[in-house]
Amino acid sequence: MATPAPDTEPAATREPEPTPPGEGPRTGTGDTTIHESERWQRFAGGEHPPETLRPGRWRAFGRALRRAARSEWTLAGLCSVLLALAMTWPLARHLTDRIPHDTGDPLLLTYILGWVGHALRENPAGIWDTNSFWPLDDAYLFTDTLMGYAPAALFITSPTSALVVYNLLYIGTFALAFLGAYALLRQLGARVAGSAVAAAAFAYAPWKLGQAGHLQVLSSGGIALALAMLARGHGYSLRGGFKPERQRPGWIIAGWLTALWQFAIGAGLGIPFVYLLLGIGVVVGLHWLAKRPRLRWQTLAANGVGGSVFSLGVLWIADKHAVVAENYPEAIRDIAYIKWFAPTWQSFIIAPQESRVWGEAHEAARAELTWAPEQALLVGFTLFALAMAGLVWSCWTGRQRVWLALGGAVVFAIAMGPNFLDDGSWAWVLLYEYAPGWDAIRTPGRLAIYLTLILAVLAAGTLTRIADDADELAHRARIDKRLKVKAPKRIHALLFLPAFLVLWEGMTVAPYTEVPQAPVDMSELEGPVLFLPAGGGDTKVQYWSIDGFPEVANGVAAFTPDEQAGLKSMSTGFPGEDAITSLREAGIETVVVVPGSLPGSDWDGLDTAIDPYGVEVERTETAVIYDLNAD
């Protein structure tokens, strides 16, 4: 992870500081106390502190643990977890029976996690053909795969354990987003307060409240963390520039592996991230050709190995998705479809309805949007104000601020999709037409992740400049200029106050919904099974099917396959003779009707007392089970 930036100036330029008077000396090998006058004599004479005896092994181990406990990164990690628990409370109390937001996409993603764990244990080669969407092939690739969460998915053995894993990952996405952004900002050279405030703004941006049902969108912490690792490995920071002596090949490999892990969670965020890394690589390559900075051979080797692993992994996953796009043309979205979901010019100052602070106030504005859940993309007024101030007053140089502003403008233009100038023909459409994989992205507004990150860098620059100036004023007021002093801690503590405004804007009113129990024993059903009514409630069926994974014809994904639509049309008029005959010919063995599960549908008032000829019927309090091949 990134090395903490100095408290007063970049580590690359900071001179060694003497120990201030009145504090115990730090010898680096022990805590031996030296008389104050003797300490000053040694300091004036340029002598090093006296060495102490080497401590014993257990004593050294204890001191190492104490240092680790007091480490900035230990504290940052602890704070990120505690903050995530607080901001998602009371979800931690209901891990086994509640799910964030609703029972739509969250249950679908819970099912995907369950399927990944099941397939890896039972038949890794068959992971692509799920038990849902029977009898279609490659159904696992119909939506984001969450493959990056495979280690966690291995703990899933039942619907309840799947719910626990999903909820823990949901909470963890906020913790990792905060920690990843904090690491990146510290590596770039921001101070602690600026990094913490900006990291909170990135992790808890108001627009994320509308994405509470999309774990793959909330899982953005790997983006910031991978960038931090790569910058650390190459010895680069915004304040210190490139330092050849700080190259760390191990961090470079870790950065590439983290980037691959991020891509493996979902292509929706993964594809733009690949192009971001490609763009950074081109810029770095051109800079090397122009300046020829000194690179260690280990650095080149680490990039070769890490970059190759990343590229091969991306190409392997992309090839699998390409097969789906070829076999299911209906998976490709046209420009008109994307335009419906793309944000407008005002979207980035409109909060989603889940926002506790701004949701109700922006209700009228949301009414003007075609699809508010993907178009209400408020990045946060506190973050925006700090970032705008950072354009004119910052610790970053003027050139760096210009590049950050240009980057933000480019992201803004692309994120608007076909709703940008000239129907997006100079931004999104170019990528849609010519960039491989870009036509698979349905919701361009989710690129707000990168806009939020750029604004966070600018905001951190503002607060870091304030901290720097406060320390400079304190040093100027010092009578003895030999000592480099800082502003009082209470002054620096004030710089954390914007974090409360950021978190206040990130509070939600979205419920944690109770998950319904399966109406039948799924493991006892003879598949293939069709649940009626079929449609939007299929995510519940997929979640229930984690119990035994029977073959089910139901399924919800990023698109609706034509074959599934045809099977659904066959069920019209069930339990009529024609519907039963059609479903039998299609291979359906069992039909389960859940009356009242979809109010207002054709199945709401179904007369389940009918006993069709040649069909064995079993009625329970919650469902009616039809065995189509009982005879």
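Q: Which side chains meet Glu 374 in a salt bridge?
A: The general idea comes first: side chains of opposite charge can pair when their charged atoms come close. In this predicted model, Glu 374 pairs with Arg 446, with 2.7 Å from N to O. Glu 374 belongs to helix H15, while Arg 446 is in the loop between H18 and H19, 72 residues apart. Both residues are buried.

Q: How many salt bridges does the structure hold?
A: There are seven. Another one joins Asp 468 and Arg 191, whose closest N and O atoms are 2.6 Å apart. Asp 468 sits in helix H19 and Arg 191 in the loop between H6 and helix H7, so this pair ties together parts that are 277 residues apart in sequence.

Q: Is Arg 191 buried or exposed?
A: Arg 191 has a relative accessible area of 5%, so we call it buried. Asp 468 is buried too, at 12%. The cut-off for buried is under 20%.

Q: Which residues do salt bridges with shared partners join into one network?
A: Arg 191, Arg 239, Asp 468 and Asp 471.

Q: OK, on to rings. How many aromatic pairs does the count come to?
A: It comes to 24. A pair of aromatic rings is described by the distance of the centres and the angle of the planes. Take Trp 73 and Tyr 182: their centres are 5.4 Å apart with 75° between the planes, which makes the pair edge-to-face. Trp 73 is in helix H3 and Tyr 182 in helix H6, 109 residues apart. Trp 73 counts as buried at 18% relative accessibility, and Tyr 182 is buried at 5%.

Q: What kind of pair do Phe 531 and Trp 544 form?
A: A tilted one, at 6.3 Å centre to centre and 50° between the planes. Phe 531 lies in strand S5 and Trp 544 in helix H22, so the pair ties together parts that are 13 residues apart in sequence.

Q: Which charged residue sits over the ring of Phe 341?
A: That's Arg 442, with its charged end 4.9 Å from the ring's centre. Lys 208 lies over the face of Phe 202, also at 4.9 Å from the ring centre.

Terms used:
Residues numbered from 1 in each chain as written. Predicted model: local features only at pLDDT ≥ 70, side-chain atom pairs only at ≥ 80, totals over all residues. Heavy atoms only, no water. Phe/Tyr/Trp six-rings, centres within 6.5 Å; stacked < 30°, edge-to-face > 60°. Helix = DSSP H or I, 4+ residues; strand = E, 2+ residues; numbered from the N terminus. Buried < 20%, exposed > 50% of the residue type's maximum accessible area, 1.4 Å probe, protein only. Lys NZ or Arg CZ within 6 Å of the ring centre and 35° of its normal. Salt bridge = Lys/Arg side-chain N within 4 Å of Asp/Glu carboxyl O.
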